[in-house]
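Hi,

Here is the model I promised to pass on.

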Amino acid sequence: MINYRIISRILGTLLFLLALLLASAGVLGLCYGERDYLTFGIPVALSLAGGCLLKTAGRRAENRMSRRDSYLIVTLAWVLFSAIGMLPFLIGGYEDRVAAAFFETMSGLTTTGATVLDNIDTLPPSVLFWRSLTHWFGGMGIVLFTIAVLPAMGMGELKLFSAESTGLKTEKLHPRIATTARWLWGVYMVLTLSCTAAYYVCGMSLFDAVNHAFSTVATGGFSTHQAGLGFYASPLLDYVATAFMFLSSINFTLLYLLLIKGRLREVLRDSELRCFILISFSAIAAVAAVLFFQRGYGAEEAFRQAAFHVVSLQSTTGFVNSDMMQWPPLLWAVMILLMAVGASTGSTTGGIKCVRVLAAWRVVVTEFRHILHPHALAPVRLNAAPLPAAVGRTIFAFFMAYALLVSAGVLLLAALGLPLLEALSVTVSSFSNVGPAFGHTVGPLDSWAALPDAGLWISSFLMLAGRLEIFSLLIIFTPAFWREN
């Protein structure tokens, strides 16, 4: 039976947190001389009022939480945050379509980074900061942040953590999940501060450095300029961004073991990390070779452009500083494939994740061995440990669900009039939380404003499904979820 009171109590707490985040953007606007009090004042008031009502409704909640409760809390939290978080765009007059404003906020929270705005350079600092803050906050997760910074929620913390982070294969850093969450957020903070300092030293203003660091470490992609990092035309910034996008693509547990514990050898033995490095480096070499030999780029520029865009798309950050539609079509296919694969579990990235790709590959190889040697014992292994059959089934189910949702997205967007290439790239970009798309209507350097409202709602759904790794969202649409037993 679903415990609606505990759901109300926790959602009320989360709305108080949302009010604090919105207020911080509003206060920053006042510091910059803005005098539009309603743009953030109304959303803050609604968040506080909603939080009070939900906390009141849940004041007598039993201190128990089922898996169903956790899935419902996580899904409702992301939808509520997007619904209230879109209000500054509507109230301030920066967007007049509800679908577009919701899309922009969902894109920020899920760290997709696709935008419907065509006037980013003219936006006030408060709105620019709010867009970046949605990235940074959503990157590690709404619930994970709450577990880390608020008093203990009780026995449901692990269920909430698992429901929001279904793809995380995080080693238990500490017996208490709240302590694990704090350590992961500590690594996140270190990366953010380091990235901010690096951007500032390389020539960005402090405001731009903070906003771009939020986007980079969260692997989001929002920028304070319409041209993104291309606005600066700085090779040095390209290299800095590439380095931090790469670091943010690594499992944060491994970063903790490396930065805090100094266990380099253990980190380098991780199968997923080696798979991620192999895919990235191979793609960089291939793209650089095509740009050098076919497009006449200089050696340094070919390498820099290849490294920047490969890491940007595989990390699902989505920064773009050149028009990839001018590249050979073969590279479009490579980039879309990298967008689908993504990087590591336990990071802020989206996509299928390298560990699933590696596991699927090893299952295929093992199956060939069984065909040749039917009686041989050849278990599938990851990190020297046998892969449990249940995990194999889950990976197979994930690939099937991914394929079905991508197919459905492509068909729906094509039915709305998008060419097939754009329908595919928009679907993969949304589902993998990347940002750029490939096409002549919604290209790598274009906003998504050309999509009709229906296309924006479809993309928003795909973003949330991708961020919650499909099952946490889709399970609430099954009849069995709502049955009492």
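Predicted model: local features only at pLDDT ≥ 70, side-chain atom pairs only at ≥ 80, totals over all residues.

Residues are numbered from 1 along each chain as its sequence is written, and side-chain values use heavy atoms, with hydrogens and water left out.

**Helix α14 and its partners**

I'd start with α14, which spans residues 271–293. Helix names follow DSSP runs (H or I, at least four residues, for helices; E, at least two, for strands), numbered from the N terminus. Axes are lines fitted to C-alpha atoms, for helices over the stretch in contact, and angles run from 0 to 180 degrees between N-to-C directions.

With α15 (residues 299–314), the axes come within 8 Å and cross at roughly 140°. The two helices are therefore oblique to each other; in this scheme under 35 degrees is roughly parallel, over 145 roughly antiparallel, 65 to 115 roughly perpendicular, and the rest oblique. On the α14 side, the contact (heavy atoms within 4.5 Å) includes Phe276, Ile279, Ala283 and Val287. Among the α15 residues taking part are Ala302, Phe303, Ala306 and Val310. By class, this contact has 15 nonpolar, three polar and no charged residues. For the classes, Ala, Val, Leu, Ile, Met, Phe, Trp, Tyr, Cys and Pro count as nonpolar, Asp, Glu, Lys and Arg as charged, and the others, Gly among them, as polar.

Next comes α16 (residues 329–341), whose axis comes within 11 Å of that of α14, at a crossing angle of roughly 165°. That makes α14 roughly antiparallel to α16. The crossing of this pair is left-handed. Ile279, Ala283, Val287, Val290 and Leu291 of α14 meet Leu331, Val334, Met335, Leu338 and Val341 of α16, and the tally is 10 nonpolar, no polar and no charged.

Back in α15, you'll find Arg304. Arg304 counts as buried because its relative accessibility is 11% (buried is under 20% relative accessible area, exposed over 50%, partly exposed in between, with a 1.4 Å probe and protein chains only). What does its side chain pair with? A polar contact of 3.0 Å joins the side chains of Arg304 and Asp238. By polar contact I mean a pair of N or O atoms within 3.5 Å; within protein, one must be able to donate a hydrogen and the other to accept it, and residues adjacent in sequence count only if both atoms are side-chain atoms. Neighbours within four places in sequence aside, Arg304 is in contact with Pro235, Asp238 and Tyr239.

His225 sits in the loop between α10 (206–217) and α11 (235–248) and is buried at 12%. Its C-alpha is 8.6 Å from that of Asn119, although the two are 106 residues apart along the chain. Beyond four places in sequence, the contacts of His225 include Asp121, Asp208 and His212.

Ser425, in α19 (residues 420–431), is buried at 0%. Leaving out neighbours within four places in sequence, Ser425 contacts Ile336, Met339, Ala437 and Phe438.

**Backbone angles**

Most residues other than glycine have a negative phi. Thr111, however, has a positive phi of about 60°; Thr111 lies in the loop between α5 (98–109) and α6 (125–140) and is buried at 2%. Ile470 also has a positive phi, near 75°. Ile470 is in the loop between α20 (453–467) and α21 (471–474), and is buried at 1%.

Cheers

Notes
Left-handed = near helix turned anticlockwise from the far one by under 90°.
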